[in-house]
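This report describes selected features of a predicted model.

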Amino acid sequence: MEHNLILQRIYDNGDTTVGSLVLSTPGKIKLIAWTLEDEHRIAKVAKETRIPAGRYKLGIMDTITPLTDKYRNDKRLQPWFDKHIEIKNVPNYKGVYIHLGNNDDHTEGCLLLGDTIANPDAIKDNPLTLSVQAYKRFYVQWYPIIKKGDTVWLTILDEHKILT
């Protein structure tokens, strides 16, 4: 079975990008979570640049990274967390995950999820909040689907290509 998630980027203030992650099914779009990423850059700067817009397959990260170990030992994430969900085959990037966090210092090029988002121009420290609950909801739903072999696509649309 094939599933289609869409990340619609909404706003980039030059330091942080916010967006919405939705599930797209015929005739219906359902909000999954708000997102936060690093900013757009023409030339990639390691751990400081959002991934390019495009269509990417989600998979389970086989490598156990320091972040994976940290999550496995975090009591808020036990017993449901196993391995990270990875955004696969991003050109010129390695190890791009979907994970917890509240601001662009937590991303390092990855995609953060939360249930509330504030204008990052107004709230610099933590514009994305309720990240654990949003991440858990996403992970508990999508990890088993990916693990059993269903294809899950993530289409990322930049701000100038507003979803209609």
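## Strand pairing around β3

Leu36 stands opposite Leu112, a residue of β7. The two strands concerned, β3 and β7 (residues 111-114), are antiparallel and are paired over three bridges. Leu36 of β3 is also the bridge partner of Val18.

Strand β2 (residues 16-25) runs antiparallel to β3 (residues 28-38), and 10 bridges join the two. The hairpin that β2 and β3 form has two residues between the strands, and Gly27 adopts a positive phi near 75 degrees there.

## The largest pocket

The largest pocket holds about 530 Å³ of space. Its lining comprises 25 residues, of which Leu67, His99, His106, Thr107 and Glu108 are the closest to the centre. Two or more lining residues are supplied by each of α1 (66-72), β6 (97-99) and α2. Helix α1 provides the largest share, with three residues.

By residue class, the lining consists of nine nonpolar, nine polar and seven charged residues.

## Ile145 in helix α2

Ile145 belongs to helix α2, which spans residues 131-147. With a relative accessible area of 17%, Ile145 falls under the 20% cut-off and is therefore classed as buried.

Beyond its neighbours within four places in sequence, Ile145 is in contact with His3, Asp150 and Val152. Ile145 and Met1 are 144 residues apart along the chain, yet their C-alpha atoms are separated by 9.2 Å.

Terms used
Residues numbered from 1 in each chain as written. Predicted model: local features only at pLDDT ≥ 70, side-chain atom pairs only at ≥ 80, totals over all residues. Heavy atoms only, no water. Helix = DSSP H or I, 4+ residues; strand = E, 2+ residues; numbered from the N terminus. Buried < 20%, exposed > 50% of the residue type's maximum accessible area, 1.4 Å probe, protein only. Contact = heavy atoms within 4.5 Å. 1 Å grid on protein atoms, 1.4 Å probe; cavity = no way out; pocket = protein on both sides within 12 Å on 5 of 7 lines; lining within 4 Å. Points joined across faces, edges and corners; volume = space filled by probe spheres on them. Nonpolar A, V, L, I, M, F, W, Y, C, P; charged D, E, K, R; others polar. Pairing = 2+ DSSP bridges.
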